[in-house]
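Please keep the picture in view while I talk.

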Amino acid sequence: MKINPSNKTLQKKVVLFRVDSSKEIGYGHVMRCLALAKALAVSNNVKIIFVCRDFEGSIHHLIESCDFQVILLNQHMRSKSTINLSKGPYAYSYRLALPQEEDVKEFVDKTLVYKGFIELIITDHYAIGDVWHRLVAGYTKKILAIDDLGDRAHFSDYLIDQTFNCNKSKYLNLVPSHTQLLLGTEYCLLREEFNNSDEVKLLKVRKRSNLNTVLVMLGGTNPDNIVNKIIYLISQMTIVKKINIIVNEKVEYLSDIKALCFNHKNAVLHISPNNIAEIMQESDIAIGAAGSASWERCTQGLPSIVIVLSENQREISEVLENAGVVKVLELNQLHNKLKQTLLNWLNDKEEYYSSVKQCFNICDGLGISRVIKVLLK
């Protein structure tokens, strides 16, 4: 992409986001960065630019639809021989496609025209850490790292980990002493629609006489057409009167999902809706993944059955299960346990409403305003 910034553009401070999305990576990283970008754009006279690698399934078009500039890095993919599937630092290094040093070089080459105007670089990537940060430290005034793994070092001025009950010990010896840690769900990067400052109103919404509406929302991925499997299973349950399904327009097996919903009158398909909070409010229980949507569901007081789709979601799943707001199922348990788990929760109103109240205690949806206050200092 050829960049010809105007003099007016260069009078603004520049904020660069380094974040990727794809069928494998998912879309949660981009979505929370977009939420933060929108808030920064409103509260500051800044130019916001996303730098993304052009992976298959990337949703950079969605970023552009929000009127933010996107600079695409070349499409590379590491060979399988370089993939490290072991736990520990940089277990997800293959998601960067290139070594950190090479990624930084391309990043700087593509954004060199803004040198001297860069106020902040924000990274949200499981394959980026202190190596990448140190190489750009002289290129920007500040660095913000967004993480939730705590498996590698960062060299940043700020670090956000929005995991519930996240403790400073998680990043002991992983960040410099000057790093300001913004930890826990009070710093969740959620869109404004998930602001639940009117908790009393939401609690009244939840106290319906009949619990019979289920939301199916697995995020940006649909491995092995799991969405259809879930719809098929719960559509057989007489207690379920309505099924809301939320997917994005790039989800795998979309034509299959459309066909199944067409054949089930109680299934309503929402493709990339802009009123997700509203759909959550009209649903009584959700079936979803354990990514960023976990915090969205909590703001709306929506208990959930969580399907573990990847290992990096396991910690969040276990924490929320211990808090009493989700019930966790493995993929191989769906056929035997999903219907009974759902039935038990819909029939036990005492446990259900206890979970609703606990959801509100976990996340209030005001995290971005707190992050902005810190950054503006």
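Predicted model: local features only at pLDDT ≥ 70, side-chain atom pairs only at ≥ 80, totals over all residues.

Since 8 of the 8 residues of E2 are buried, the strand is largely enclosed by the rest of the structure. E2 runs parallel to E1, and 6 bridges join the two strands; within that pairing, Val15 has Ile48 in E2 as its bridge partner.

The aromatic rings come next, and the count of aromatic pairs is 5. In one of them, the rings of Phe17 and Phe50 have their centres 4.6 Å apart and their planes at 5°, and because planes under 30 degrees apart count as stacked, this pair is stacked. Phe17 lies in strand E1 (residues 13-19) and Phe50 in strand E2 (residues 46-53), so the pair ties together parts that are 33 residues apart in sequence. Phe17 and Phe50 are both buried, and together with Phe68 they form one aromatic cluster.

How are the rings of Phe107 and Trp132 placed, stacked or edge-to-face? Their centres are 5.0 Å apart and their planes stand at 65°, so the pair is edge-to-face. Phe107 belongs to helix H4 (residues 100-111) and Trp132 to helix H5 (residues 130-136), so this pair ties together parts that are 25 residues apart in sequence. Phe107 and Trp132 are, again, both buried.

Leu34, which has its place in helix H2 (residues 28-43), is buried, with a relative accessible area of 4%. Leu34 and Leu189 are 155 residues apart in sequence, yet their C-alpha atoms are 8.9 Å apart in space.

The other residue is His125, found in the loop between strand E4 (118-124) and H5, and at 5% relative accessibility it counts as buried. Setting aside neighbours within four places in sequence, His125 is in contact with Arg18, Asp20, Arg95, Leu96, Ile146 and Arg152.

Now please turn to the later part of the chain. In what order do the 6 strands of the open sheet lie? The order is E10-E9-E8-E11-E12-E13, and the pairing is parallel. Strand E10 (267-271) and strand E13 (326-329) stand at the edges with a single partner strand each, so one side of each is left without a neighbour in the sheet. Neighbouring strands of this sheet are turned by 20° against each other on average, direction ignored. Within the sheet, strand E8 (residues 213-217) and strand E11 (residues 285-288) pair in the parallel sense over 4 bridges, with Val214 standing opposite Ile285 in E11.

Helix H7 (residues 226-234) is mostly covered, as 7 of its 9 residues are buried, among them Ile226, Val227 and Asn228. The buried residues of H7 pack against E8, strand E9 (242-247), E11 and E12, and also against helix H8 (254-262) and helix H12 (334-347).

Helix H11 (residues 314-322) has Ile316, Ser317 and Leu320 as its buried residues. Seen down the axis of H11, they fall within an arc of 100°, so they line one face of the helix. These buried residues pack against helix H10 (293-299), strand E12 (304-307), E13 and helix H13 (349-362). After H11 comes Gly324, whose phi is positive, near 85°.

Technical notes
Residues numbered from 1 in each chain as written. Heavy atoms only, no water. Pairing = 2+ DSSP bridges. Axes fitted to C-alpha atoms, helices over the stretch in contact; angles between N-to-C directions. Phe/Tyr/Trp six-rings, centres within 6.5 Å; stacked < 30°, edge-to-face > 60°. Buried < 20%, exposed > 50% of the residue type's maximum accessible area, 1.4 Å probe, protein only. Arc of directions from axis to C-beta. Contact = heavy atoms within 4.5 Å.
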